[in-house]
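Me: I am new to this structure and would like to learn how to read its ligand sites. Please take me through them one at a time.

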Amino acid sequence: MTAFEDRLKAIVGQGGWKTEADDLEPHLREWRGVYVGKTRMLIAPQTAEQVAQVVRTCSEAGIAIVAQGGNTGMCGGAVPDDSGEQVILSLSRMNRIRQVDRLNYSIEVEAGCILADIQDAARDAGRHFPLSLGAEGTCQIGGNLATDAGGINVIRYGTARGLVLGLEVVLADGTVLSSLRSLRKDTAGYDLKQLFIGSEGTLGIITAATLRLYPDPGETVTALLAIRDSGDAVQLLGDLRVALVDRIEAFELVSRRIFESVERFIPGARLPMDEAHPWYVLMEVATGPNHEGIESALMGAIEDGLVIDAVIAKNSGEADRLWHLRHSISEAERQLGKALKHDISVPISRMQEFLQRGDELLAELQPDATLLAFGHVGDGNLHYNVRLPVSLTGSERQLAGERITTAILDLVDQMGGSFSAEHGVGQAKRELLARYRRGPEYDLMRRLKETLDPKNILNPGKVI
Ligand code: FAD
Ligand code: MLT
Ligand code: ZN
């Protein structure tokens with residue numbers, strides 16, 4: 001152990017670090033195992049002041065810091081590089097829910113709080129925290145904010161960014177920037193907190209946040225709808241938003257192939273429809289106690305030919321089972337094996353066109369590839385994943401993958417979309433950021449990074 005490591009240990013005290021290989025192992029690999037790194041140690045402070053001291057000590061020594069939450073990110077942002085020099089700064093011991101302000105509809109939490117614990121604390125106070133995603137039992141709010149996570153309820157409540165009222169951040173020089181205000185209106189100068197949301201640990205370390213709460217949505221109904229064509233989902237959404245007066249909490253599109261792999265790999269998973277259909281929508285609607293409107297809205301959609309079969313969950317158990325199918329997709333995909341992942345967004349009105357043109361591109365470039373598409377169609381965000389045929393050799397696979405990804409992402413770019421809708425950039429999509437945000441946007445991002453982190457010690461090699 002060097003004097004540097006001893007200094008970090010002294011800051012956090014006993015129980016606040018890990019240096020043994022077995023203890024470090026889970027922190028060194030991204031959850032799908034695509035990115036694996038090395039570290040000199042993991043350090044887990046308990047207060048913002050300790051985080052600040054750790055950052056100052058690392059800055060003086062010129063040692064880089066990788067902030068890590070639940071390590072569920074999709075782009076390798078939370079794992080260190082393979083130099084073995086970087087320090088992992090885990091927020092897991094900063095996991096206190098500080099206070100719920102019921103009348104202000106807000107909650108103040110530390111960055112290491114598990115997302116599901118925040119949902120529970122809000123529920124216990126008779127309020128609702130709407131951020132929800134498959135990793136909610138593991139991911140931390142600091143990681144959610146650092147990636148501006150999306151998930152299934154964005155259609156009604158926006159992404160993580162929109163749920164933040166105030167933020168506490170430790171800057172690269174160890175300054176604690178505290179703007180933990182809980183205001184809905186505040187036009188006093190630049191909105192600095194927004195700089196750090198979505199910055200993936202490259203501009204500052206988030207240590208606490210004040211979050212927006214909502215009234216409990218009350219009775220909800222979950223329905224699984226079979227549709228003929230993916231494009232019909234967009235028309236259906238447009239109609240249902242009017243029929244249900246914008247009470248749609250979630251509207252997810254899933255292809256049959258995806259549900260087939262969920263049924264294959266997830267024990268007990270079963271789609272509650274006898275006949276197979278090419279595409280499904282899983283929808284949740286806040287209906288009120290008498291489930292007003294839902295049946296007539298769905299009848300209308302069936303008469304219009306947009307829905308060809310529907311299952312409405314009769315109770316919360318059935319609804320949970322339907323959502324379990326949806327939340328198991330990432331795990332089923334992981335077991336199915338490597339696919340090209342494209343986390344794209346386009347304007348909702350152009351989703352149908354994107355799906356058609358995407359199909360044409362795939363048919364031209366690799367007709368025997370399998371499209372595994374699903375996602376948050378209500379937000380214009382699709383996980384347009386493509387599995388290449390197993391018969392390809394390593395180099396053929398590499399070449400085909402590059403051609404398909406470039407063609408799909410160029411199409412997305414031409415259509416005014418984004419190559420990264422909700423998973424961020426991390427180390428996986430750094431080159432894509434330089435390519436698709438070229439020009440003044442990229443230059444300003446770089447200048448911000450140089451200004452806020454002149455020594456490049458905060459998560460170097462990620463994002464920019
Ligand atoms: P980590 O993976 O630990 O970190 C992610 C990035 O944030 C890294 O760059 C890290 O350095 C940085 N970071 C972490 N904590 C801090 C902090 N306190 N301060 C500064 N930087 C920090 N994402 C979605 O958007 N929508 C989904 O629907 C969705 N579903 C998922 C389902 C599954 C099963 C899984 C495994 C992942 C899913 N994800 C989804 C991706 C992932 O869960 C989210 O991106 C999540 O927000 C990451 O949180 P985390 O705590 O695990 O962050
Ligand atoms: C999801 O919507 O389930 C996620 O973003 C995770 C994934 O893409 O695997
Ligand atoms: Zn998603």
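Me: How many residues surround ligand 1, and which are the closest?

Reply: Start with a list of neighbours. The model is a predicted one, and in it 36 residues surround ligand 1. The closest are Ala67, Gly69, Gly70, Thr72 and Gly73.

Me: Which elements give two or more residues to the shell around ligand 1?

Reply: After the neighbours, look at where they sit along the chain. Ligand 1 sits in the second largest pocket. Strand 3 (65-68), helix 5 (141-146) and strand 10 (205-212) each give two or more residues to its shell. The largest share, 4 residues, comes from helix 5.

Me: How many residues of the shell around ligand 1 are nonpolar, polar and charged?

Reply: The shell has 13 nonpolar, 21 polar and 2 charged residues.

Me: Which backbone atoms lie 2.8 Å and 2.9 Å from an oxygen atom of ligand 1?

Reply: For polar contacts, the cut-off is 3.5 Å between N or O atoms. A polar backbone atom of Gln140 is 2.8 Å from an oxygen atom of ligand 1, and one of Gly150 is 2.9 Å from an oxygen atom of the ligand. A nitrogen atom of ligand 1 lies 3.3 Å from a backbone N or O atom of Gly201. As for cover, ligand 1 taken alone exposes 980 Å², and the protein buries 95% of that.

Me: What are the residues around ligand 2?

Reply: The residues around ligand 2 are Met74, Arg326, Ser330, Lys341, Phe374, His376, His383, Glu422 and His423. By class, they are 2 nonpolar, 4 polar and 3 charged. Ligand 2 sits in the second largest pocket.

Me: Which side chains have a polar atom 2.7 Å from an oxygen atom of ligand 2?

Reply: Here the contacts to check come from side chains. Arg326 has a polar side-chain atom 2.7 Å from an oxygen atom of ligand 2, and an N or O atom in the side chain of His423 is also 2.7 Å from an oxygen atom of the ligand. For Lys341, the side-chain distance to an oxygen atom of ligand 2 is 3.3 Å. Taken alone, ligand 2 exposes 270 Å², of which the protein buries 87%.

Me: What are the protein donors of the zinc ion (ligand 3)?

Reply: For a metal, read the donor atoms and then their spacing. The zinc ion has His376 (NE2), His383 (NE2) and Glu422 (OE) as protein donors, 1.9 to 2.1 Å away. Along the chain they follow H-x6-H-x38-E. His383 lies in strand 18 (residues 381-387), while Glu422, 39 residues apart from it, is in the loop between helix 14 (394-414) and helix 15 (430-436). His376, His383 and Glu422 are also among the residues around ligand 2.

Methods
Residues numbered from 1 in each chain as written. Chains lettered and ligands numbered in written order. Predicted model: local features only at pLDDT ≥ 70, side-chain atom pairs only at ≥ 80, totals over all residues. Heavy atoms only, no water. Near = heavy atom within 4 Å. Polar contact = N/O pair within 3.5 Å; in protein donor to acceptor, adjacent residues only side chain to side chain. Areas by Shrake-Rupley, 256 points an atom, 1.4 Å probe, with all protein chains shown as cover. 1 Å grid on protein atoms, 1.4 Å probe; cavity = no way out; pocket = protein on both sides within 12 Å on 5 of 7 lines; lining within 4 Å. Sits in = over half its atoms within 2 Å of the grid points. Nonpolar A, V, L, I, M, F, W, Y, C, P; charged D, E, K, R; others polar. Donors = N, O, S within 2.8 Å, 3.2 Å for Na, K, Ca; no water.
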